[in-house]
Amino acid sequence: MLAANRRYLEFISTIEDDKAGTDKLNKISQPVEENDRNYRGFNFFDPQDEKLFESLVSGEFNISGFQNKDLRRRLSDRNSGQISRTMKRLRLHGLIKKVGHTYKYYLTALGKQIIALGLKLKQLYIIPTLSAQPAG
């Protein structure tokens, strides 16, 4: 019970601090540069990024992680090279981490938080609000 209360208080404290949330969202939406190469940020309104995020938080990857081939099965419109570049973007933005000496990756705490909350906000608030508004 104590651990559950602690986790709940941590969750509430991150929501009330708008600056921390804004910084996290800006972190993943801005381009990142590594070795004189730019990698674009992520957009929750881009259908390809949304499909990627839904695949990552599906739950099956929480236990044993995921590999390029696992994402290729879920994102059938992309080839191995495209998945590799996408995974590089995810890693540079701090959303996934690589397991040493393997080909497996896991979502980071930042990745789980941002992806889950971003998708939930979009589905529960943004889309219903827009559909309720009369076309003008």
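Mentor: Start with Leu92. Its relative accessibility is 23%, so Leu92 counts as partly exposed. Keep in mind that this is a predicted model.

Trainee: Where is the place of Leu92?
Mentor: In helix α6, which covers residues 80–92.

Trainee: And which residues is Leu92 in contact with, leaving aside neighbours within four places in sequence?
Mentor: Val32, Glu34 and Tyr39. Pro31 is 61 residues from Leu92 along the chain, and their C-alpha atoms are separated by 9.6 Å.

Trainee: Zooming out, how many helices and strands are there in the protein?
Mentor: Seven helices and four strands. From the N terminus the order is α-α-β-β-α-α-α-α-β-β-α. The C-alpha trace spans about 50 × 40 × 30 Å along its principal axes.

Trainee: What percentage of the residues is buried?
Mentor: 29% of the 136 residues. As for contacts with a separation of 6 or more, 50% are between residues 24 or more positions apart.

Trainee: Which residues form the nonpolar patch on the surface?
Mentor: Phe45, Leu121, Leu124, Tyr125, Ile126, Ile127 and Leu130. Together they have about 710 Å² of accessible area. Take Leu121 as one of them. Leu121 is in helix α7, residues 109–132. With a relative accessible area of 45%, Leu121 is partly exposed.

Trainee: Switching to charges. How many salt bridges does the count come to?
Mentor: Six. The general idea is that side chains of opposite charge can pair when their charged atoms come close.

Trainee: Which residue forms a salt bridge with Lys122?
Mentor: Glu50, with the closest N and O atoms 2.9 Å apart. Lys122 lies in helix α7 and Glu50 in helix α3 (residues 47–56), so the pair ties together parts that are 72 residues apart in sequence.

Trainee: Are those two, Lys122 and Glu50, buried or exposed?
Mentor: Both Lys122 and Glu50 are buried.

Trainee: Next one. How far apart are the closest N and O atoms of Asp49 and Arg40?
Mentor: 3.8 Å, and the two form a salt bridge. Asp49 is buried, because its relative accessible area is 1%. Arg40 has 43%, so Arg40 is partly exposed.

Trainee: And Arg73 with Asp70, what is the N to O distance?
Mentor: 3.1 Å, in a salt bridge between their side chains. Arg73 is exposed at 60% relative accessible area. Asp70 is buried at 16%. Arg73 and Asp70 are three residues apart in helix α5 (residues 68–74), so about one helical turn separates them.

Trainee: Which residues do salt bridges with shared partners join into one network?
Mentor: Arg40, Asp49 and Arg89.

How values were computed. Residues are numbered from 1 along each chain as its sequence is written. This is a predicted model: local features need pLDDT of at least 70, side-chain atom pairs count only at pLDDT 80 or more; totals for chains, interfaces and linings use all residues. Side-chain values use heavy atoms; hydrogens and water are left out. Helices (H or I, at least four residues) and strands (E, at least two) are DSSP runs, numbered from the N terminus. Buried means under 20% relative accessible area, exposed over 50%, partly exposed in between (1.4 Å probe, protein chains only). Contact means heavy atoms within 4.5 Å. Patches are made of residues with over 30% relative accessible area and no salt bridge: like charges are joined within 9 Å, nonpolar side chains (Val, Leu, Ile, Met, Phe, Trp, Tyr) within 5 Å. Accessible areas come from the Shrake-Rupley method with a 1.4 Å probe; for residues, only the protein chains shown count as cover. A salt bridge is a side-chain nitrogen of Lys or Arg within 4 Å of a carboxyl oxygen of Asp or Glu.
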